[in-house]
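Please look at the sequence and the 3D structure below before reading on. The briefing after them goes through the model topic by topic.

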Amino acid sequence: MNRVIRTRAENRNRGRKSAQLRKPQGKSRQSSNVSSRRIPPVLSRSEIGINTIAMDNRPAPRRRVDVQLSSPGAEIRFPAVPAISNKWRLVSGIISISFLMALVLLINTGLFQVNEVQMQGLERFSEGEISQAINITGSSIFFINPGRIKRDLQLTYPGLSEVDVNVAWPSNVSISLKERNPILAWNWDGHVRWVDENGVAFEPHDEGLDVVQVKSEMLPPTVEDRFVDPRIVRTVAGLSDYLPENVDMIYDTGHGLGWRDPRGWIVYFGFNDDDAANKMIVYQSMVEYLEGKRISPAIINVEFLDAPYFRMEP
């Protein structure tokens, strides 16, 4: 009897222990079942967290075009084209291309091409020389730059004192010129340069022009390394009235300007035109005195009125 009671008690205790052991297993199984289920995605209408840059850089969706044919149920599919999101860009692009094409047509059309250049004021220069220097014949009027034409002419031909360029539509170009007037022609070592009253030296354009010839073994004295000394120019102009016919002036660095008298000597008048008339009076007086004494000098110098002199040897 006691043994039976003890066996029942042990069975009850064993059943409680097994029940206690089964409870945690049920909880773990339940938790595992819950964790194994996937959580549905959460949708949000907010822009927070969305990569808007990546979305903007996505390629534009392509639009499919289907055209129905005459047969029932038959259609043809054209290649997909990208859908244009901004129509104003397309419009502005078309306008820009149209303007560019119109500009190209205007430039290339013969209506705006310069075929002839009108020139005024030419005396010694020729139209061919001016045209060759500017080289604009056949060019479009859109590319004509009056300032550049003026600069090119003055650099190529210093003998032009004034240049005025006018451009008129559709293809008219006119140039008004004023040439420098030479006062003397400076000859040295086989080279000749004309010089105007302002001391500007330039290439001669008319070998037959009657100007005073000055022969020297060197270049004329200059001012600021650009212009001939104006005193030399004024002296030549002042003495030219007393210069004998068919006689050239000479220049010497020690005595200035003068000439070789046909009677056999050289006369010098110095470096300036001060008292040119009085110098000529003194010179004529000295010539009369020397001829009366039968003296043939080599040099007569009247640069200084208060101290003229002559020399028998050069």
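This is a predicted model: local features need pLDDT of at least 70, side-chain atom pairs count only at pLDDT 80 or more; totals for chains, interfaces and linings use all residues.

Residues are numbered from 1 along each chain as its sequence is written, and side-chain values use heavy atoms, with hydrogens and water left out. The protein has seven helices and 16 strands; helices (H or I, at least four residues) and strands (E, at least two) are DSSP runs, numbered from the N terminus. Of its 314 residues, 25% count as buried. Buried means under 20% relative accessible area, exposed over 50%, and partly exposed in between, with a 1.4 Å probe and protein chains only.

**Contacts across the chain**
- Contact means heavy atoms within 4.5 Å.
- Among contacts in the protein with a separation of 6 or more, 45% are between residues 24 or more positions apart.

**Nonpolar cores**
- A nonpolar core is a set of buried Ala, Val, Leu, Ile, Met, Phe, Trp, Tyr and Cys residues joined through side-chain atoms within 4.5 Å.
- In soluble globular proteins, nonpolar side chains tend to be buried together.
- The largest nonpolar core has 28 residues, and Val214, Met249, Trp259, Tyr283 and Ile300 touch the most other members.
- Two or more residues of this core come from each of strand E6 (182–188), strand E9 (212–216), helix H6 (230–239), strand E12 (249–252), strand E13 (256–260), strand E14 (266–270) and helix H7 (276–292).
- H7 gives the most to this core, namely six residues.
- Leaving out residues up to four places away in sequence, valine 214 touches Leu184, Ala185, Trp186, Asn187, Val236, Met249, Tyr251 and Leu257.
- There is also a second, separate core of 19 residues, which includes Val117, Ile134, Tyr157 and Ile175.

**Helices H4 and H5**
- The axes of helix H4 (residues 127–134) and helix H5 (residues 146–156) come within 9 Å and cross at roughly 120 degrees.
- Axes are lines fitted to C-alpha atoms, for helices over the stretch in contact, and angles run from 0 to 180 degrees between N-to-C directions.
- H4 and H5 are therefore oblique to each other (angles under 35 degrees count as roughly parallel, over 145 as roughly antiparallel, 65 to 115 as roughly perpendicular and the rest as oblique).
- On the H4 side Ile130, Ala133 and Ile134 take part, and they meet Ile149, Leu153 and Thr156 in H5.
- The residues of this contact are five nonpolar, one polar and no charged (Ala, Val, Leu, Ile, Met, Phe, Trp, Tyr, Cys and Pro count as nonpolar, Asp, Glu, Lys and Arg as charged, and the others, Gly among them, as polar).

**A buried threonine**
- Threonine 235 is part of helix H6 and counts as buried, because its relative accessibility is 0%.
- Apart from neighbours within four places in sequence, threonine 235 is in contact with Leu257, Gly270, Phe271, Asn272 and Asp273.

**Loop residues and backbone angles**
- Tryptophan 169 and proline 170 are joined by a cis peptide bond, with omega about 0 degrees.
- Proline 170 sits in the loop between strand E4 (160–168) and strand E5 (172–179).
- Aspartate 189, in the loop between E6 and strand E7 (191–196), is a residue other than glycine with a positive phi, near 50 degrees.
- Aspartate 189 counts as exposed, because its relative accessibility is 66%.
- Arginine 294 also is not a glycine and has a positive phi of about 55 degrees; arginine 294 lies in the loop between H7 and strand E15 (299–301).
- At 78% relative accessibility, arginine 294 counts as exposed.
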